[in-house]
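User: Hi! Could you walk me through this one with me? I have a few quick questions.
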Amino acid sequence: MDLQVKIGELSLSNPVLTASGTFGYGIEFESFFDISRLGGICTKGLSLLPRVGNPPPRIRETASGMLNAIGLANIGVEAFCKDKLPRLRELGATVIPNLYASSVEDFIALAERLDREEGIAAVEVNVSCPNVTKGGLAFGVDPVAAAGVTAAVCKATRFPVWVKLSPEAGRITDVACACEEAGAQALSAINTIRGFAIDTETWRPLLANRTGGLSGPAIKPIAVRMVWEICQAVRIPVIGVGGIASAEDAIEFMLAGASAVQVGSANFRDPMASMTVLEGISAYCERKGLAAKDLIGKVVLD
Amino acid sequence: MEQYDRRPARQVTVPLVRRDSIGASHHVLTFEYDTPLEAQAGQFVMVRGTNWGQSPFLPRPMSLLHGGKRPSILVKVVGEGTRRLANAEPGDLFSVLAPLGRPWSPCSSHRVPILVAGGVGVCPLLFLARTLKQQGIRPVALYGGRSSGDLVLYEELQAESDLRLATEDGSAGVKGKVTALLDEALMEADGRATVYTCGPRAMMASVVAAARKANVPCEVSLETVMACGYGVCLGCAVPRFDGGYVYACSEGACIDGRVIDWKK
C-alpha cells in the first residue's frame, strides 16, 4: 500500500502524524507501539527555558471534546536536545519539534539551537497557542506578525519550517498566504479554539486560566472547513488537525486538501489512536485501490 | 523518590463481568482479563465504555481495588462518566488502560501502617490492606465519612485491619472527623508509624499535618481530573510546596504528602 506523502521537499512514510501537546516528546509512547511507524511526531511545544505551565484546573471535558489551558509546560529546548532527541533518533522517529516563544528573538534562538542537532525532519512554529499571556496567539492572528516570525525562523534553520495556524485569525487564509510568502514549507491547521466553561454551582470559571483551547471531535467540522479554504489559497502543503479520532476523520481532511493529518486529543483517550487511524487509512486505500496521495483535495464539488 | 517495579501499561478491551451496587451511588465494577493485570496497591486505570461514542470524550481515572484476572474498581456517581459506569451491565465492553501511576511505597517492617480513608478514598487503601495482609502485616485503618452510608466496603476493610470508624453525624463509629482518630492512633504507634491516606483534599491536608507533627512518613493518593493518565496531557498538575507542579498520573498517584502545597 503506497501511503507516502510529500510535505514540500520532505517525504513522509504515511500521512499520519501526532499533534503537538498530545503526544509528549514521543518516547512516552515507546511501550505502546513502534513510534517510527508514524508519519511524524510534533513534539510538545518547546520554549528556550523550561516552563511549569498554568495553575490547575487545567482541563475540562466538554461535549465531544475538551478545554485545555496547560500553558505550554515543557522541559525547554536544551533538555529536549539532551534527554529526548537521542532516544527519538535511536527509535527512528520522524521528529518535528514544535517551537513556542514570546518574541521573534527567542524564536530565532530556538531555531538556531535545534539547527545544531541531527534527526529533525522539520520544525513547526506555534503562533497559535491561546493559553499563554505573551506571544502565542498574538503572532497568529496578524498576517504581518506571523510572516515576521516565519521569515526569521526560516533564516535561522536549515530544516523545513511549518507554521501552525490559529482558527482565531479573522481571516485565516490571509495569515496562511503571509506565512507562505515568508518561506513556510507547510502549514498545520488548526490549533484549538478558545472556549469558556462556568461552574453553575459556584458561578466560577472551571479552568484556572478562565478560558482554554477547545479540541476534539467538537471542532472537526470547523477545522475541515478552514483546511479546505487554506488549500484553495496557498500552493504549499497543508497538514490537517482538529478532532481527528478515526480514519474517516483523517480522510475527510485529505479530501478537503490536507496532504497529511495530525491526531491530537484522541491520543489522550487511547494511546493507540494514531495507529488506529493509520491502519484505517491503509485499509481504505487498499479497498479503493488508491495511494494515500490520491486522496488529497479530491472533494467533489459539482 | 525510591524506585519501584513499574510495569508498562496495557490498553485492552475487556467485558464487565460483575457490577455490585452498594446503595444507589456506589458500585464495584469487575472486569475479566485474558491475562492477569499485574497491578500494585495504589495504582489506577483509565476506563471508558466502548459504546460511549464521542461523549463523554475521555476515559475516567479509577483507583484499583485489586488486579489479577478479574480486576475491580470502586465507582461513586459524581457526573456523566461515572453515571455511565454505574449503569453498565455485565457483558458491556470497556477499554481499560492499566496499570497506571506510582503505587504505595512499602511499609518498613519496624513501622505500623496507619491507613486513613475518607469516602471512596477507601479503594486504594483496601487494596493496600490486602497486600499488607499477604505480607503478614495487619494495619490500623481509620475510615470516615459524613454518615454510615459513605463507609462503603468497611466490612471488607475490617477483615484486613484493626478498623476504627468515624462519621460526622455519629451514625457509625465515633461522631466527628476521621482525623480525630488519627491523633490517637499516632500516639499508640509512638513515632513508629507510616501513614497512608486517600480521601477529600481537606482531610488529606489534615492527615499530612498530623503525620508531620508526629514526625512520621505519610503518603497520599492524589485524585485530579486527567485526560490521558500516562503523562502526556499535563492536565493533572497539583501544586508543589516549593512552586511548580507534580503530575498526579506519573509522579503520583501515591506520593509523599509533604511534596504537595495543601494551601492551594
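User: Which exposed residues sit on the face of α4(B) turned away from its buried side?
Analyst: Those are B:Ala180 and B:Met187. Keep in mind that this is a predicted model.

User: And which residues of α4(B) are buried?
Analyst: B:Val178, B:Thr179, B:Leu181, B:Leu182, B:Ala185, B:Leu186 and B:Ala189 are. They lie on the same side of α4(B), because they cover an arc of only 140 degrees around the axis.

User: What covers them?
Analyst: The cover for the buried residues of α4(B) includes strands β7, β8, β9, β10 and β11 of chain B, along with α5 from that chain.

User: What span should the helix have, and how far apart are its ends?
Analyst: Helix α4 of chain B has twelve residues, so at 1.5 Å a residue it should span 16 Å; the end C-alpha atoms are 17 Å apart, which agrees. Just after the helix, B:Asp190 takes a positive phi of about 50 degrees.

User: Switching topic: how many residues are in contact between chain A and chain B?
Analyst: On the chain A side 34 residues are in contact with 27 of chain B. The two chains bury about 2300 Å² between them, and carbon and sulfur atoms give 64% of that. In chain A, the residues losing the most area to chain B are A:Glu61, A:Phe268 and A:Arg269, together 29% of what that side buries.

User: How many salt bridges are there between chain A and chain B?
Analyst: The count is one. In a salt bridge, the side chains of B:Arg60 and A:Glu61 meet at 2.5 Å, N to O.

User: Which element gives the largest share of the side of chain A that touches chain B?
Analyst: That is α8(A), with four residues.

Definitions and conventions: Residues are numbered from 1 along each chain as its sequence is written. Chains are lettered from A and ligands numbered from 1 in the order in which they are written. This is a predicted model: local features need pLDDT of at least 70, side-chain atom pairs count only at pLDDT 80 or more; totals for chains, interfaces and linings use all residues. Side-chain values use heavy atoms; hydrogens and water are left out. Helices (H or I, at least four residues) and strands (E, at least two) are DSSP runs, numbered from the N terminus. The expected span of a helix is 1.5 Å times one less than its number of residues. Buried means under 20% relative accessible area, exposed over 50%, partly exposed in between (1.4 Å probe, protein chains only). The arc is that of the directions from the helix axis to the C-beta atoms. Contact means heavy atoms within 4.5 Å. Buried area is the accessible area (1.4 Å probe) that two parts lose on being put together, summed over both. A salt bridge is a side-chain nitrogen of Lys or Arg within 4 Å of a carboxyl oxygen of Asp or Glu.
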